[in-house]
Amino acid sequence: MRVRVATTALGITAALLALPACSTEIKHKTPSAARAGKPSDGVQETAALSSAALESRLLVQSDLGSGYLPKPEHPAQHDDVTIIGCPALSELGGDAATGGTLAFPLKAKADFIYGGSSSEISEELYSDSAKKLSDGIDRIFDAMTGCPNYQVVAGGTPVDVTSQKLTAPHAGAEQWSQLLTFVAGGRSTVVKQTAIRDGSLLLVVSGSPALVDRHLDKALAKATATS
């Protein structure tokens, strides 16, 4: 069975596992690892941005360069999801595996594929108070730090997941980054996820490692531009 990993809304980051041979889709929101610091109570809060404002700060096709196309949207499908080997993540409930745990109301997302291949990149923007954004990420991050290896079963299909903490770039107020490997049916896919919080804005870039590294700085610059 072929496994294709795409990236979608994480609440911070999310990896969407599309398993076409089994007609199953799993939205698995997992945070990037490597937290830098908690919001300071003495720091002045910036106003939250509307979803429309966030949408205008997303990278668009022309920002990425040639070879990128918007990823077609697929109807959401929901199957019973079981997490094996990570009690802390299981305790967060089914939303932790299906994408609802970090459902901030102010958000925007864009997904692209590159060169007609399986390489993909996803950008997500969220806005809320610094504390809510940070706490929302930490809920899953704390569970993930103790579970570098676990299994997700959706629609009867087992997917082995491993996570590796990476050094996050020094940007914004808080940063997270990790490498996720998804294995099913003998095939594996690697996804890099990097999240940066800057004030009341949270940026999450996920996808093929090379594409994340190539476009992260550009995404952060556009997301945090004030003009």
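Q: Why is K192 called buried?
A: K192 has a relative accessible area of 14%, and buried means under 20% (exposed is over 50%, partly exposed in between; 1.4 Å probe, protein chains only), so K192 counts as buried. The model is predicted: local features need pLDDT of at least 70, side-chain atom pairs count only at pLDDT 80 or more, and totals for chains, interfaces and linings use all residues. Residues are numbered from 1 along each chain as its sequence is written, and side-chain values use heavy atoms, without hydrogens and water.

Q: What makes K192 and D213 a salt bridge?
A: Their side chains meet at 2.5 Å, N to O; the term requires a side-chain nitrogen of Lys or Arg within 4 Å of a carboxyl oxygen of Asp or Glu.

Q: Why is the pair of Y68 and Y114 called tilted?
A: The ring centres are 4.5 Å apart and the planes stand at 40 degrees. Rings of Phe, Tyr and Trp (its six-membered ring) pair if their centres lie within 6.5 Å; planes under 30 degrees apart are stacked, over 60 edge-to-face and the rest tilted, so this pair is tilted.

Q: Is Y68 buried or exposed?
A: Y68 is buried, at 3% relative accessible area, whereas Y114 is partly exposed at 29%.

Q: How do you know where the charged end of R214 sits?
A: It sits over the ring of Y114, 5.7 Å from the ring centre; the term requires NZ of Lys or CZ of Arg within 6 Å of the ring centre and within 35 degrees of the ring normal.
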